[in-house]
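Let's take a walk through this chain together, from its overall build down to a few individual side chains.

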Amino acid sequence: MRTAIALCAAVAILVVVGCGDESVTGPEGALQTFDPVSDFTVDPDGGSCPDVYWETVETLDNGVTVTWTSAFGGFDYGLGSGYGAAAMWSVDLGSATFVSFAPRKKGKNTWTPKGKVPVNGVLSAGTAGAGSVPLTVSMSPMHQGNDDVDGDGVDDWIGQIGNGHFWLIIDVDDGAGNVEQVKLGVNFHLEDPDDGSGDRCPTG
């Protein structure tokens, strides 16, 4: 059974290591909170450390409640490889139509952390279906990071860290012709531990 403690720990890792406030803001810039819906078994790349995703729920001005995949976390990513995921969305009434998947701020601060060696990446989106769009992210270079996971004063995790920040843009119709176009934040946090390093795999 998944525990709230495990979820909080995973969310803390996702936010603290470089996503920043922008990673949890909604279409109007209002602070969002991660809904406690997650999956600790997603593992699209076949690694030993489970990948995770989070969903966020927001009620729009036209009264429609949208649920979407707001963040992905991969903790045994291989630098420069393709990381596959699917952004999903659903509405509680009416319908939603995919418009586009785009970098935030027209590319500015899409990849973080900046640092002396800024993270660089490429994202490609496949053909959207009903309620989902396939995505592939590749990051190289990434940011060198370290962490004292067990709190003993010694860094036991060393590796590469990278984040990508994007908009899922959809048109949402309340069923009565009131259409609202929204930008929904979708973020990636990927880690590539150095050989011999410990891991920060989430558990559930």
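Before we start, a word on element names: helices and strands here are DSSP runs, a helix having at least four residues and a strand at least two, and they are numbered from the N terminus. Please keep in mind that this is a predicted model.

With that naming in hand, begin with the whole chain. Of the 204 residues in the chain, 43% are buried. The chain exposes about 9600 Å², with carbon and sulfur atoms supplying 53% of that area. Contacts reach across the sequence as well: among those between residues at least 6 apart, 61% join residues at least 24 apart.

Now zoom in on strand β2, residues 51–59, which is mostly covered, since seven of its nine residues are buried. Most residues other than glycine have a negative phi, and most peptide bonds are trans.

Stay in β3, residues 65–74, and find Thr 69. Is Thr 69 buried or exposed? Its relative accessible area is 0%, so Thr 69 counts as buried. Leaving aside neighbours within four places in sequence, its contacts are Tyr 53, Trp 54 and Glu 55, then Ala 86, Ala 87 and Met 88, and finally Gly 185 and Val 186.

Next come the aromatic side chains. A pair of aromatic rings is described by the distance of the centres and the angle of the planes. The chain has seven aromatic pairs. In one of them, the rings of Tyr 77 and Tyr 83 have centres 6.4 Å apart and planes at 75 degrees, so this pair is edge-to-face. Tyr 77 is buried at 3% relative accessible area, and Tyr 83 is buried too, at 2%. For Trp 89 and Phe 98, the ring centres are 5.8 Å apart and the planes stand at 20 degrees, so the pair is stacked. Here Trp 89 is buried, at 7%, whereas Phe 98 is partly exposed, at 27%. Ring pairs also link a cluster made up of Phe 72, Tyr 77, Tyr 83, Phe 101, Trp 111, Phe 166 and Phe 188.

Arg 104 lies over the face of Trp 167, 4.3 Å from the ring centre, and Arg 200 lies over the face of Trp 157, at 4.1 Å.

Finally, turn to the backbone at two prolines. Which kind of peptide bond runs from Thr 112 to Pro 113? The bond is cis, with omega near 0 degrees, and Pro 113 sits in the loop between β6 (111–112) and β7 (121–125). Ser 140 and Pro 141 are likewise joined by a cis peptide bond, with omega about 0 degrees. Pro 141 belongs to the loop between β8 (132–139) and β9 (143–147).

Conventions: Residues are numbered from 1 along each chain as its sequence is written. This is a predicted model: local features need pLDDT of at least 70, side-chain atom pairs count only at pLDDT 80 or more; totals for chains, interfaces and linings use all residues. Side-chain values use heavy atoms; hydrogens and water are left out. Buried means under 20% relative accessible area, exposed over 50%, partly exposed in between (1.4 Å probe, protein chains only). Contact means heavy atoms within 4.5 Å. Accessible areas come from the Shrake-Rupley method with a 1.4 Å probe; for residues, only the protein chains shown count as cover. Rings of Phe, Tyr and Trp (its six-membered ring) pair if their centres lie within 6.5 Å; planes under 30 degrees apart count as stacked, over 60 as edge-to-face and the rest as tilted. A charge sits over a ring if NZ of Lys or CZ of Arg is within 6 Å of the ring centre and within 35 degrees of the ring normal.
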